[in-house]
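Dear colleague,

My notes on it follow directly after.

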Amino acid sequence: GSTVKLICSPLMARLVMQSYHRAKLPQNLTNDDAMRLYHDNIVIEKSTDSLGYPERKKLLNLLVTELDKQNVERLERDALMKIELLRPYLINNQRDSAYLQLLELGVLMEEWDADECYVRFAFDKFLEFLLAEYHWPRINDKNDLFGLCQRAGSYKILQGSTEIIIQRLCKNNQFEIFTDILDINDKYSEDNKSIIKEMCLRVLCSISIEDNNLFKKILDLFPKTPSQFDLDILLELLDKLRSFAQIEDFKYAIDVAKKEALILNDQKIYSDILLFEADLCRWQSDIEQAKNKCKEIRDIKEKINDEFGLCKVFIELAWLERSQDNFDNGQIYADKALLIAKKNNYVKLSIDIYNIIGVINEAKNNRNDAIIAYDEALNISKNLNDKIGIARILNNKGNVIEAFGDIETAETMYLESWSILQQIGDTKRISIILSNLGDISFKKGDYESAEKYHRKSLEIKTK
């Protein structure tokens, strides 16, 4: 459930463990739920018999109001002393001081910048939650939400707060608000459009994990008011759902995106979506259907002269040929893709091309050539700080190193890959890595660890 993804973050794991001390964790705990529990149980210390420490709550509300008013994430302590409502909290040095208690709890912190002392929240996630609590009663319609979206461009912390509010509205059966803020995208600046898109993607990915039915209801609204902005979001959503192995939602999003692309008569985007569909067919081992899709895509890409899209088709065809052990055909398609990529400087795509070249050479037992290709892919991934690329190539290179018999180096690569994948929540690849680590442990004679790794891998695969 969503609890597992939530506690992959060390910070959220700490907060959740504090809030659920010695209590059973629910399977589908959301970020909002976790923050509310932390606020009530740890910060305010409310219980069935007591209101806890209401002065702490008052102080937090006053601080959040001031931070929001000034569009900042920290304030000078001297400036806070000049605010009439806050001054009594700051000058109280007694044990009942709400300010000192919050510092001791690690909710607030004082940090020095040159000779100035600033007061801020110890972690941004909690401030995001409190800002959402502050604005939540003030959101009456889409214009209020639009105002927050506009501010989020210059006040970064408000992005997370706005996402919390959008999710709450969607869960309250006001999910039309989601497409409302997309449909007025012409009112956003270009910078804000990019921010709104990223916010909406994060919300959709979160809802996909937490509530599959709600996710579908939101997506069903997209084709009703079709736009290029919608399609851009849907394309990036497909990429993320594929990474997270959310297969059911991935299939559903493909159908919605195809429908909207056809309404807008956008052949480029339509063929891009078909490429995701071909990828899905490959996952499901329907190779011939995937090849047929690629032929359709290739015809469209050549007709509209989309070289970037054509390069991606050749990469997909290389994978399909490799899956049928047609290594020479796979290499031909990979070489065609590499030629286009070098000609047009498609650096990021080169990661995928060198990766499939490595995979093909590995399958042909040309291990040295495979390592050369993987090193090319790994260097590009590191230069671009592409975490998914780094994790994927480390795993693949680890396979070759393991085949050479250097299991210690291979294990180091698998562990580094696993660490990155845990950060980004790529469960499909985590399952593969865990299986590889199980094999390494078995070879080392550590049968207990081998069993643990394989059980974890199996648990993910069977979810």
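A charge is taken to sit over a ring if NZ of Lys or CZ of Arg is within 6 Å of the ring centre and within 35 degrees of the ring normal. By that rule, the charged end of Arg168 sits over the ring of Trp136, 5.5 Å from the ring centre. Arg367 likewise lies over the face of Phe404, at 5.6 Å from the centre of that ring.

Please note that this is a predicted model, in which local features need pLDDT of at least 70 and side-chain atom pairs count only at pLDDT 80 or more, while totals for chains, interfaces and linings use all residues. Residues are numbered from 1 along each chain as its sequence is written, and side-chain values use heavy atoms, with hydrogens and water left out.

I turn next to the sheet. Helices (H or I, at least four residues) and strands (E, at least two) are DSSP runs, numbered from the N terminus, and two strands pair if DSSP finds at least two bridges between them. Here 3 strands form an open sheet with antiparallel pairing, in the order 1-3-2. Its edges are strand 1 (74-76) and strand 2 (108-113), each of which pairs on one side only. From one strand to the next, the twist averages 30 degrees. Strand 2 and strand 3 (residues 116-121) run antiparallel and are joined by 6 bridges; in strand 3, Phe121 is the bridge partner of Leu108.

Helix 4 (residues 54-70) lies across strand 1, strand 2 and strand 3, and runs at about 95 degrees to strand 1. For this, contact means heavy atoms within 4.5 Å; axes are lines fitted to C-alpha atoms, for helices over the stretch in contact, with angles from 0 to 180 degrees between N-to-C directions.

The aromatic rings come next. Rings of Phe, Tyr and Trp (its six-membered ring) pair if their centres lie within 6.5 Å; planes under 30 degrees apart count as stacked, over 60 as edge-to-face and the rest as tilted. The count comes to 12 aromatic pairs. One of them is the edge-to-face pair of Tyr38 and Phe126, at 5.2 Å centre to centre and with 90 degrees between the planes. Tyr38 lies in helix 3 (residues 31-43) and Phe126 in helix 8 (residues 124-135), so this pair ties together parts that are 88 residues apart in sequence. Tyr38 counts as buried at 1% relative accessibility, and Phe126 does so at 0% (buried means under 20% relative accessible area, exposed over 50%, partly exposed in between, with a 1.4 Å probe and protein chains only). Phe178 and Phe222 form a tilted pair, because their ring centres are 6.2 Å apart and their planes are at 40 degrees. That pair links parts 44 residues apart: Phe178 is in helix 11 (residues 176-183), and Phe222 is in the loop between helix 13 (212-221) and helix 14 (228-243). Phe178 is buried, with a relative accessible area of 0%. Tyr38, Phe121, Phe123, Phe126 and Phe129 form one aromatic cluster.

Finally, two backbone angles deserve mention. Most residues other than glycine have a negative phi. Ser285, in contrast, has a positive phi near 65 degrees; Ser285 lies in the loop between helix 16 (267-283) and helix 17 (287-304) and is exposed, with a relative accessible area of 57%. Asn305 also has a positive phi, near 60 degrees. Asn305 is found in the loop between helix 17 and helix 18 (307-323) and is exposed at 61% relative accessible area.

Yours sincerely
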